Structures are given as structure tokens and as C-alpha cells.
Amino acid sequence: GVGISGREGKQAVNSADFGIGQFRYLQRLLLVHGRWNYRRVAKFTLYSFWKNAVLVLLMFYYVFISGNVGTSLFENWVRASYNVVLAVPIICVGVFDRD
């Protein structure tokens with residue numbers, strides 16, 4: 001949450017995620033940083049969905065092409081490292097994204 005320092009002391013600021021000194025700083029925190037956060041979460045959600053949808057649809061399509069023989073389309077290490085390797089672009093977007 002957001003803690004505002006005031007007459008009560010610093011207890012709210014010490015236990016908050018964000019600490020501000022006056023109410024007038026709350027507008028920028030909500031409108032600017034809140035918008036940035038919303039855009040980052042939206043990009044992350046869409047990227048994660050489509051990244052995994054591509055992998056699943058490829059494996060689903062391979063089942064029909066191979067005639068249900070039970071072989072795997074990808075090696076085990078490819079499936080294990082798929083999310084790790086493809087997490088780098090979305091992390092970079094989240095870190096460096098600005099309007």
C-alpha cells in the first residue's frame with residue numbers, strides 16, 4: 001500500500017510499499033506509475049499466454065501429423081528451457097518500458 005507521513009509519525013510509511021510525504025504526490029503515483037504498471041501487466045499477460053499457446057499448439061498439431069505414435073516433438077531440455085529463455089524479452093520490456 002501507500003503510506004503518507006504526517007502527524008502520526010512514520011509508522012504508515014515504514015510498513016508501506018510506497019511512502020510519500022504529502023497528498024499532492026498521490027496523484028502522480030496513481031496516474032503515472034499506476035498506468036505504467038497496468039501496461040506492463042497487460043503486456044506480460046498477453047506475452048505469457050501466446051508464448052505458451054504456440055508451444056501447446058505445436059505439440060497438439062504434431063500429435064495428428066505423427067499419427068498418435070507417442071513420440072515427443074521436443075527434447076526434454078528444450079521444453080524445460082523454453083520458458084526460461086523466452087522470459088528474457090518480457091523482463092527487458094518490463095524494466096525499460098516508458099511512455
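Mentor: Let's begin with Leu-46, which counts as exposed because its relative accessibility is 52%, and the cut-off for exposed is over 50%. Keep in mind that this is a predicted model. Leu-46 sits in helix α2, which covers residues 24-66.

Phe-49 and Trp-50 are both exposed. As for ring pairs, the count comes to two aromatic pairs. One of them is Phe-49 with Trp-50, an edge-to-face arrangement with 4.9 Å centre to centre and 80° between the planes. The other pair is Phe-60 with Phe-64, also edge-to-face, at 5.0 Å centre to centre and with 85° between the planes. Phe-60 and Phe-64 both belong to helix α2, where they are four residues apart, or about one turn of the helix. Both Phe-60 and Phe-64 are exposed as well.

Now for a buried residue. Asp-97 is in the segment that comes after α4 (87-96). With a relative accessibility of 13%, Asp-97 counts as buried, since the cut-off for buried is under 20%. What does Asp-97 touch, once neighbours within four places in sequence are set aside? The contacts are Arg-39, Arg-40 and Lys-43.

Stepping back to the whole chain, the secondary structure amounts to four helices and two strands, and reading from the N terminus the order is β-α-β-α-α-α. The radius of gyration is 22 Å, whereas a compact globule of 99 residues would be near 13 Å. The C-alpha trace spans about 70 × 25 × 20 Å along its principal axes. Finally, if you take the contacts between residues at least 6 apart in sequence, 40% of them join residues at least 24 apart.

How values were computed: Residues are numbered from 1 along each chain as its sequence is written. This is a predicted model: local features need pLDDT of at least 70, side-chain atom pairs count only at pLDDT 80 or more; totals for chains, interfaces and linings use all residues. Side-chain values use heavy atoms; hydrogens and water are left out. Buried means under 20% relative accessible area, exposed over 50%, partly exposed in between (1.4 Å probe, protein chains only). Rings of Phe, Tyr and Trp (its six-membered ring) pair if their centres lie within 6.5 Å; planes under 30 degrees apart count as stacked, over 60 as edge-to-face and the rest as tilted. Contact means heavy atoms within 4.5 Å. The radius of gyration is taken over C-alpha atoms; the globule rule is 2.2 Å times the number of residues to the power 0.38.
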